[in-house]
Amino acid sequence: MNHWQIATFKTDITPLPGEPLAYGYALAVESPIYIRGMLLDDGTTRIVLLNAEIIGYDGTALRILRQAVAGPAGTTEENIFIHTMHLHGSLALYPEAREVNRQMGNLRNMTDEVLERIAGRLAKDVAEAVGAMRKVGGLSVAERRVRNLASTRRLPDGRGGMLSRWSFGNAPDIREREIGLIDPILRSIFLRSPKGDLLTALHFYASHPMAEYGRDVVNSDAPGVALAELETRIPGCAEFFFVGAGGDVTFGKYSSDAPGYEASRVIGRRLADALYGNFNLQETQSLGQLRIIRREFEFPLHQALNPERLRERLQRPFASKYDPEKWQCAKLPFLEHYDRYYRKFPVVRIELAPAVNLVFMPGEPMVEYQLYLQKIAPEEFIACAAYGCSACGYIPTASMFAEGGYETTLGVTVTDERCEERLKAALTALWDK
């Protein structure tokens, strides 16, 4: 007998005027930002999925938000999964970095009041959602190849190194280069009421999601535009957008030259059309038991990162904000909290139906990890959400460290060649019998 129930909610976390953003300050608001939430219960297990329109969070923020949500949700902290859209015109929930940022002259520090406000609003909205659970009558999936969105960020420079094709603002010769390695498949999961009404749609696509940022304004960028458009087209269906393993993927080849937020609207409408296309391709699946499979891998630290040396370096001025040593010093909070939060990272597989899976990864893994994931169980539907706890930064593949490029810059990443084998082993173990 089917005992599945669901509730969804949207918690407004738009910063107040003047509060710090990941890049700049909230001097204006072009669109609100939310944490979109879903409670899902099969009668035995209850999970909470939080889809946050922020750039990222650290281990301390994760602990605080989970503690705020677990009680009202009626579940355990480990059954609360928080994944971000990695939006740059939004909040950065990194309380561990506050003191190091101050010492480096970066005053854009999130206050305790901001995190407490978000936690309080989440707890309130979760409690209300629990009282509004609805029955789930069916599940369906869709996947298709989409064009004119994702492209690789890593481009060989012809001299043994790597160029970067950023999310926007690229020179024509960079923009016109090959698409490169991406996962072109957009995946969606839909849940329906017993009468067949759409209750929610979860969409998964692997690319940095930004069309523009850096103007001291708050906005939800292209994904926010796309989700707002879908909510207009399909009233009553709660929409979610999870960013896959796209650490080396951007919209850069197809970005818009339109000024400001209009660039987000251009890419957002294109993304909305792609997402909407999956509504017409749904394949019905049989609801199963909600199964959670967890594995851990020991996260290797780059051997060149020396906390004592970085603390000493922090006492002297930096040449500029692009000083490589400044980037390394910015990772001191990660190193200082390594044993408490980061020595072992989880990867999680949630089976919603036979052969229908969600897989959650930490940090900013390269698209190669998502493509590897699809090979583990090629006959199953696997939707990947990366950008869990992102204090670790980029997770390159082993070969990338020899190739160079932005993603392997020390301070942008804190790991080394050993990470690929460990992460892939953990992903493979998610399907161990």
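Is aspartate 221 buried or exposed? I looked it up before anything else. Aspartate 221 is buried, because its relative accessibility is 0% and buried means under 20%. I note here that the model is predicted.

**Entry: helix H5**

I stayed with aspartate 221, which is found in helix H5. Its phi is near 55°, a positive value in a residue that is not glycine.

I then checked the length of H5, which runs over residues 221–233. Its 13 residues should span 18 Å at 1.5 Å a residue, and the end C-alpha atoms are 19 Å apart, which agrees.

Next I listed the buried residues of H5. They are Asp221, Ala222, Pro223, Gly224, Val225, Ala226, Leu227 and Leu230.

Alanine 272 counts as buried because its relative accessibility is 0%. Leaving out residues up to four places away in sequence, I found alanine 272 touching Ala226, Glu229, Leu230 and Arg233. Of these, Ala226 and Leu230 are on my list of buried residues in H5. I also noted the C-alpha distance from alanine 272 to proline 223, which is 8.1 Å across 49 residues of chain.

I looked at two residues in the loop between strand S19 (249–250) and H6: serine 255 and alanine 258.

Serine 255 is buried, with a relative accessible area of 3%. Apart from neighbours within four places, serine 255 is in contact with Ser167, Phe168, Gly169, Arg175 and Ile267.

Alanine 258 counts as partly exposed, at 23% relative accessibility. The cut-off settles this, because buried means under 20% and exposed over 50%. With neighbours within four places set aside, the contacts of alanine 258 are Ala263 and Val266. I also took the C-alpha distance from alanine 258 to glutamate 178: the two are 80 residues apart in sequence and 23 Å apart in space.

**Entry: another positive phi**

I turned to histidine 86, in the loop between strand S8 (80–84) and strand S9 (92–93). Histidine 86 has a positive phi of about 60° although it is not a glycine. Its relative accessible area is 6%, so histidine 86 is buried.

**Entry: nonpolar cores**

Which residues of the largest nonpolar core touch the most other members? I found Leu50, Leu93, Ile118, Phe299 and Phe334, in a core of 109 residues. Another core lies apart from it and has 29 residues, including Leu199, Phe242, Ala353 and Phe381.

Beyond residues up to four places away in sequence, leucine 93 touches Ile54, Gly56, Tyr57, Asp58, Ala61, Leu65, Met110, Leu115 and Ile118.

**Entry: isoleucine 350 in S22**

Isoleucine 350 is found in strand S22, which spans residues 344–353. Isoleucine 350 counts as buried, because its relative accessibility is 0%. Its contacts, neighbours within four places aside, are Ile47, Phe81, Leu290, Arg291, Ile292, Val356, Asn357, Leu358 and Phe360. One of these, phenylalanine 360, is 10 residues away in sequence, and the C-alpha atoms are 8.4 Å apart.

I finished with helix H13, which has 12 residues. From first C-alpha to last, H13 reaches 17 Å, close to the 16 Å expected at 1.5 Å a residue. Its buried residues are Cys419, Glu420, Leu423, Ala426, Leu427 and Ala429. I looked up what covers them: the cover includes S22, strand S21 (291–298), strand S23 (356–360), helix H11, strand S26 (394–395) and helix H12 (398–403).

How do H11 and H13 pack, and at what angle? Helix H11 (residues 367–376) and helix H13 (residues 418–429) pack at about 35°, with axes 10 Å apart. The crossing of H11 with H13 is right-handed.

I then listed both sides of the contact. H11 brings Tyr369, Tyr372, Leu373 and Ile376, while H13 brings Cys419, Glu420, Leu423, Lys424, Leu427 and Thr428. By type, the residues of this contact are 7 nonpolar, 1 polar and 2 charged.

Technical notes
Residues numbered from 1 in each chain as written. Predicted model: local features only at pLDDT ≥ 70, side-chain atom pairs only at ≥ 80, totals over all residues. Heavy atoms only, no water. Buried < 20%, exposed > 50% of the residue type's maximum accessible area, 1.4 Å probe, protein only. Contact = heavy atoms within 4.5 Å. Core = buried A, V, L, I, M, F, W, Y, C linked by side-chain atoms within 4.5 Å. Axes fitted to C-alpha atoms, helices over the stretch in contact; angles between N-to-C directions. Helix = DSSP H or I, 4+ residues; strand = E, 2+ residues; numbered from the N terminus. Left-handed = near helix turned anticlockwise from the far one by under 90°. Nonpolar A, V, L, I, M, F, W, Y, C, P; charged D, E, K, R; others polar. Expected span 1.5 Å × (residues − 1).
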